[in-house]
Amino acid sequence: MASADQLGNDGGTRTVTGAAGIAERSSATAKLAGKGLDIGTANILAAVRDQKGGIVVRCERNAFLDIQGDVHSRSMLTKLNVPYVVHENSLIVLGGSAFELANVFGRPTRRPMMDGLISSREKEALPMMQMIIKKVLGEPTSANEPCFFSVPAESVDRDNNIVYHQGLFQGMLQKLGYHATPMNEGHAVTFAELAAEDFTGIGISFGGGMVNVCVSYKTIPALTFSVARGGDWIDGNAATVLGLPSSKVTYIKESGMDIRSPKGREQEAIAIYFRNLISYTLQNIRNRLMMGKDLPNFADPVEIVCSGGTSMIQGFIEVFREEIQKVKLPIPVKGIRLGKEPLNSVSQGCLVAAVSSMD
Ligand SMILES: Nc1ncnc2c1ncn2[C@@H]1O[C@H](COP(=O)(O)OP(=O)(O)OP(=O)(O)O)[C@@H](O)[C@H]1O
Ligand SMILES: [Mg+2]
């Protein structure tokens, strides 16, 4: 099986975010077949191959803002140079532009997904996500081009309907002209990051809505599960104890703090919830490994790779190493590391799977 490195990820993947993704599509249309799509609560990313076989990742926020469709609003958006689409008499601003505009208006964005799955609270979720997905994925290079897309595993702490979520996106991608195959999110991390370990080890995606875990043995997922907590859970809880809006906490969290040395009351609250999320995830890994009946016998110590936006905070791996000492996993651990490009691991793993499926 090809690795992400062989597909051109030498740690220097070109990542294109927001509106720039549109320019990217027209200037470097991917010619090589096979695409990977990471459908996340916070971000939607597509990993594609350019003409030279390098990987390009296009990223867009999974959010939108709807504005009344009158002449005044149209001219305001045009003046501000904000791209929009018209949908049922409303003007819809998608992705990163919705975030920027929400700040101008002091209004929250609408989010089509919650806790890793399509939101039951958002009636408009599916058409909005279809537009974002089309934007990052582009047209298929040929009919039925293979596209592997990420789906979360069932949660240990919530009764969630993965089957419905998976079926919705499989149907949507097929309508867009792809041959769509679902791939477990944690499994995708192992495909992107554990080639040197013969695809054996533990891949973890710390996302916005969830944490997804996969224990893999030579490419085979031996154990997968998720916990329904992630970056949003950290923001929401810290916001409650601090009496601040969640968006303010997100801002502080993403502005470059270190969870080993938080400064001030706000950073301290954030650091407490980070440590709790890491510890909770490790306890669940231990419990599931102890329960696992058909787990392979890991004779050699295994590598653990952490990815996802939530793993990008400074000090994450160091706190993870401290917390793992406290839980005593039933399998020996060799090393713990951060993914090469933590935000891109899932989409790249899906791309590796899509390309391998064509061999
Ligand atoms: N530098 C950073 N430090 C801390 N957190 C960050 C940073 N950058 C992004 N995040 C957080 O990462 C989360 C988004 O990560 P990611 O894109 O991996 O999630 P997702 O795949 O969309 O969600 P999920 O997989 O749970 O559905 C958000 O909670 C965001 O606040
Ligand atoms: Mg994710």
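The protein is divided into domain 1 (1-62 + 111-359) and domain 2 (64-105), with bounds that come from an automatic or database domain assignment. The model is a predicted one, in which local features need pLDDT of at least 70, side-chain atom pairs count only at pLDDT 80 or more, and totals for chains, interfaces and linings use all residues. Residues are numbered from 1 along each chain as its sequence is written, while chains are lettered from A and ligands numbered from 1 in the order in which they are written.

The C-alpha centres of domain 1 and domain 2 lie 29 Å apart. Where the two domains meet, 9 residues of domain 1 are in contact with 11 residues of domain 2 (contact requires C-beta atoms, placed from the backbone, to lie within 7 Å). On the side of domain 1 that touches domain 2, β4 (55-61) and α4 (125-137) each supply at least two residues; helices (H or I, at least four residues) and strands (E, at least two) are DSSP runs, numbered from the N terminus. The largest share of this side, 4 residues, comes from α4.

Just after α8, G256 takes a positive phi of about 100 degrees.
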